[in-house]
Amino acid sequence: MNIKYPRLVEDAFEKVFKHAGKSKAETYRLLLEKNFINEDGTPTAEAIKNGFVALDEKATLIEEQKRKYPIFRQFDDEHFIVANGHVYVDDFIRLELARQTLRDPHATGKAKEFARKEIEYLDR
């Protein structure tokens, strides 16, 4: 089984714990126990406040958005806009999601109607 660990765990493992003979699982548990990360791998407020974690706000917010809404995982980070602590999607994502909705045999009529209007609006 190939477990995908959060970026902070991977970074800590590669930079420190690998050389100390620790596994990625041990690295994750230690970072969690020491309150450097939350269970989902995001940095804790305490870790950020104390400067233990260098925070790239844009990448972190996009990563959180993709974790919360898995449908966004298919898109590169360049298609996301971060402003005032909020994550927005660009027209490429809006258009692609509308097209996917139209191709989805399980999408409701209302969803397909909205998708058609979105495509019409974005194709102007």
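Contact here means heavy atoms within 4.5 Å. The model is predicted.

Start by colouring the whole protein chain by pLDDT. The chain mean is 87, and 94% of the residues reach 70 or more. Select helix α3, residues 45-49: among the elements of the chain, this helix has the lowest mean pLDDT, 76. The highest mean, 96, belongs to α5.

Next, select helix α1 (residues 7-17) together with helix α2 (residues 24-33). Their axes lie 9 Å apart and the packing angle is about 110°. Angles of 65 to 115 degrees count as roughly perpendicular, and α1 and α2 are therefore roughly perpendicular to each other. Show side chains for the contact: Leu8, Val9, Glu10, Ala12, Phe13 and Phe17 on the α1 side, and Lys24, Thr27, Tyr28, Leu30 and Leu31 on the α2 side. Sorted by class, this α1 contact with α2 holds 8 nonpolar residues, 1 polar residue and 2 charged residues.

Now move to helix α5 (residues 91-103) and helix α6 (residues 109-122). Here the axes come within 8 Å and cross at roughly 140°, which makes α5 oblique to α6. The crossing of α5 past α6 is left-handed. From α5, select Asp91, Arg94, Leu95, Ala98, Arg99, Thr101 and Leu102.

Key
Residues numbered from 1 in each chain as written. Predicted model: local features only at pLDDT ≥ 70, side-chain atom pairs only at ≥ 80, totals over all residues. Heavy atoms only, no water. Axes fitted to C-alpha atoms, helices over the stretch in contact; angles between N-to-C directions. Helix = DSSP H or I, 4+ residues; strand = E, 2+ residues; numbered from the N terminus. Parallel < 35°, antiparallel > 145°, perpendicular 65-115°, else oblique. Left-handed = near helix turned anticlockwise from the far one by under 90°. pLDDT = per-residue confidence, 0-100. Nonpolar A, V, L, I, M, F, W, Y, C, P; charged D, E, K, R; others polar.
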